[in-house]
Each structure stands twice: as structure tokens, then as C-alpha cells.
Amino acid sequence: MRVLLLLASMSLFLLAGTCNTDSRASSPELKRLEGTWLHAHEEDQGEVRVYRPNTYAFPPSRGRTGFQFDHNGLFTQYDIAPTDGLEGRKGLWKAEGANVIRISLDDKKEPDYKLEIVSLENGVLKVKRIE
């Protein structure tokens, strides 16, 4: 039992050391990213993908991907699961400049990628994915 508690404490300490809140939600613009966003694919414009809060009244669709930004740098990417539901993949996000976010998924099934924030206004997030 002591070993488990020690390992849990060490994990929390290591995680806390890797979460640099200065580069995450330190600006008002980044603070507005916090929450769960779902892909409004009907509104995409070329390479620009459009996302809306999960509370938005979306038209019917065969599934919507998305992601969640937490204030502490934790990230969840939502993909379509084999059973047509959503499957969450955990990771981290970090700001790289004023309008670029680096995403690192824990499972490493795909390489890290960046999202360029094209705009974030009136509950609409527009991004371009940068490989």
C-alpha cells in the first residue's frame, strides 16, 4: 500500500512539474479555448476547420469529432469509436506563440501536431492543422 501511495505521489509531482501554466491559459484568448469543442464540418472552409462548443444545437450528423482543452494543459481528443460513439484520447496542449497550439497525445499513435487558431469569436473556433 505504501508503495502505491509513493508511486501516486511521485506521478502527481512529475505531472505538476510538466504543466507550465504560463504557456497554456495565461492570456484571455487562450483562456477562451477551455472547454469541449465539436467539429461543425458543415461550416468548414477549405483547410479551415470549424468547431463549436459541445452545447451548440448541431444539425443531425453521423458523428462528430472534437477535443477538450483544460486550463492545466490537459487535452482530450475525441475520435469516432468503432461503435459510433466518441473515444477520448488523452494528451497535453501547450501554446507556441500567440495563435499556435502544440498537441501531444499520450498514446503516440500519431505524431504531435499543431493547431493554428485562425479565429475564436462568438462561440466559433476556426483552426488549421499544421503537421
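How many residues lie between strand 4 and strand 5 in the hairpin that they form? The structure examined here is a predicted model, in which local features need pLDDT of at least 70, side-chain atom pairs count only at pLDDT 80 or more, and totals for chains, interfaces and linings use all residues. Residues are numbered from 1 along each chain as its sequence is written, and side-chain values use heavy atoms, with hydrogens and water left out.

The hairpin of strand 4 and strand 5 has 5 residues between its strands, and Asp84 in the turn shows a positive phi of about 75°. Strand 4 covers residues 74-80 and pairs with strand 5 in the antiparallel sense over 7 bridges; two strands pair if DSSP finds at least two bridges between them. Within this arrangement, Asp79 stands opposite Glu87 in strand 5. Strand 5 also pairs in the antiparallel sense with strand 6 (residues 100-105), here over 5 bridges. Gly91 has Leu105 in strand 6 as its bridge partner. A hairpin is formed by strand 5 and strand 6 as well, with 4 residues between them and, at Gly97 in the turn, a positive phi of about 95°.

Taking the chain as a whole, there are 2 helices and 8 strands, where helices (H or I, at least four residues) and strands (E, at least two) are DSSP runs numbered from the N terminus. Along the sequence, they follow the pattern α-α-β-β-β-β-β-β-β-β. Of the 131 residues, 34% are buried, meaning under 20% relative accessible area, while exposed means over 50% and partly exposed lies in between (1.4 Å probe, protein chains only). The chain exposes about 8300 Å², and 56% of this is supplied by carbon and sulfur atoms; accessible areas come from the Shrake-Rupley method with a 1.4 Å probe, and for residues only the protein chains shown count as cover.

Aromatic side chains deserve a look next. The structure holds 6 aromatic pairs, defined for rings of Phe, Tyr and Trp (its six-membered ring) with centres within 6.5 Å; planes under 30 degrees apart count as stacked, over 60 as edge-to-face and the rest as tilted. One of them joins Tyr56 and Phe58 edge-to-face, at 5.0 Å centre to centre and 80° between the planes. Tyr56 is partly exposed at 35% relative accessibility, whereas Phe58 is buried at 19%. Another edge-to-face pair consists of Phe69 and Trp93, with 5.4 Å centre to centre and 90° between the planes. Phe69 belongs to strand 3 (residues 66-69) and Trp93 to strand 5 (residues 86-95), so this pair ties together parts 24 residues apart in sequence. Both partners are buried, Phe69 with a relative accessible area of 2% and Trp93 with 1%. Ring pairs also link Phe69 and Trp93 with Tyr51, Phe67 and Phe75 into a cluster.

The charged end of Arg52 is 4.3 Å from the ring centre of Tyr56, and Arg129 lies over the face of Tyr113 at 3.7 Å from the ring centre.

Gln68, finally, has its place in strand 3. Its side chain makes polar contacts with the side chains of Thr36 (3.4 Å) and Asp70 (2.9 Å). Such a contact is a pair of N or O atoms within 3.5 Å; within protein, one must be able to donate a hydrogen and the other to accept it, and residues adjacent in sequence count only if both atoms are side-chain atoms.

Technical notes. A charge sits over a ring if NZ of Lys or CZ of Arg is within 6 Å of the ring centre and within 35 degrees of the ring normal.
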